[in-house]
Amino acid sequence: MSSTIFFNIIREYYNISEQSELAWANLLMEKKYEKGDYFISIGQVPRKVAFVVKGLFSQYYITDKGDTVIKYFFPEGRIAGSIPATLTQTGSRFIIEAIEDTTVLEYDFNEFKKLVAANKDVAEFYIRYIEQ
């Protein structure tokens, strides 16, 4: 089950409780992106974060000259998102695109922040994740 893989990765940062895992699991929605689909577009205010279960996302921008500059790849086992834009609720400066058919576990970032506020162990995970 893909949520088991997700929580195994989460526990590499901090060992959250079973209660916190259940609360977080309630936020997770499996979604599939076909090759070429955007998870986030330039200018979009991101509201979701995604854990890549299978597939690959690329985060990039286009220069004024039309060149594509890849900033990061989100392979299987990574959490994908435009964190600065999500935190500041501003338009993303990057595109995150599926560069192959990709399955993710998506969750709403604002709901996750409520989970962080209510669960010290999830807050500890979040701090350690951001620091790394």
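Modeller: Start with Gln-89. Gln-89 is found in the loop between helix H3 (83–88) and E7. Helices and strands here are DSSP runs, numbered from the N terminus (H or I, at least four residues, for a helix; E, at least two, for a strand). This is a predicted model, in which local features need pLDDT of at least 70, side-chain atom pairs count only at pLDDT 80 or more, and totals for chains, interfaces and linings use all residues. Residues are numbered from 1 along each chain as its sequence is written, and side-chain values use heavy atoms, with hydrogens and water left out.

Colleague: What makes the phi of Gln-89 worth a remark?

Modeller: The phi of Gln-89 is positive, about 55 degrees, although Gln-89 is not a glycine.

Colleague: Which class does the relative accessibility of Gln-89 give: buried, partly exposed or exposed?

Modeller: Partly exposed, because the value is 35%. Buried means under 20% relative accessible area, exposed means over 50%, and partly exposed lies in between (1.4 Å probe, protein chains only). Ile-99 gets that label too, at 30%. Ile-99 sits in the loop between strand E7 (95–98) and E8.

Colleague: What does Ile-16 touch?

Modeller: Not counting residues up to four places away in sequence, Ile-16 touches several residues, among them Phe-7, Trp-24, Val-122 and Phe-125. Contact means heavy atoms within 4.5 Å. Arg-11 and Glu-21 are also in that list.

Colleague: Why is the link between Arg-11 and Glu-21 called a salt bridge?

Modeller: Their closest N and O atoms are 2.4 Å apart. The rule asks for a side-chain nitrogen of Lys or Arg within 4 Å of a carboxyl oxygen of Asp or Glu, so the pair qualifies. Arg-11 lies in helix H1 and Glu-21 in helix H2, so the pair ties together parts that are 10 residues apart in sequence. Arg-11, at 29%, is partly exposed. Glu-21, at 22%, is partly exposed.

Colleague: How many salt bridges does a search of the whole structure find?

Modeller: Four. One of them joins the side chains of Glu-30 and Lys-32, at 3.8 Å from N to O. Lys-32 is exposed, at 58%. Glu-124 and Lys-120 form a salt bridge too, with closest N and O atoms 3.5 Å apart.

Colleague: How far along the helix are Glu-124 and Lys-120 from one another?

Modeller: They are four residues apart in helix H5 (residues 120–131), which means a separation of about one helical turn. Lys-120 is exposed at 63%, whereas Glu-124 is partly exposed at 22%.

Colleague: Now the sheets. What is the strand order in the open sheet that contains E8?

Modeller: The order is E1-E8-E3-E6, with antiparallel pairing. Strands E1 (29–33) and E6 (79–80) are at the edges: each has a single partner strand, so one side of each is left without a neighbour in the sheet.

Colleague: How do you know that E1 and E8 pair?

Modeller: Strands pair if DSSP finds at least two bridges between them. E1 and strand E8 (residues 102–108) have five, in the antiparallel sense. Met-29 bridges to Glu-106 in E8, and Tyr-33 bridges to Thr-102. E3 and E8 pair over six bridges. E3 and E6 have two bridges and run antiparallel.

Colleague: What makes E8 count as largely enclosed?

Modeller: Six of its seven residues are buried, so E8 is largely enclosed by the rest of the structure. Helix H4 (residues 109–118) lies across strand E3 (48–54) and E8, at about 60 degrees to E8. Such angles run from 0 to 180 degrees between N-to-C directions, with axes fitted to C-alpha atoms, for helices over the stretch in contact.

Colleague: What is the strand order in the open sheet that contains E7?

Modeller: E2-E7-E4-E5, four strands with antiparallel pairing. The twist averages 30 degrees from one strand to the next. Strand E4 (residues 57–62) and E7 are joined by four bridges, and Ser-58 has Glu-97 as its bridge partner in E7.
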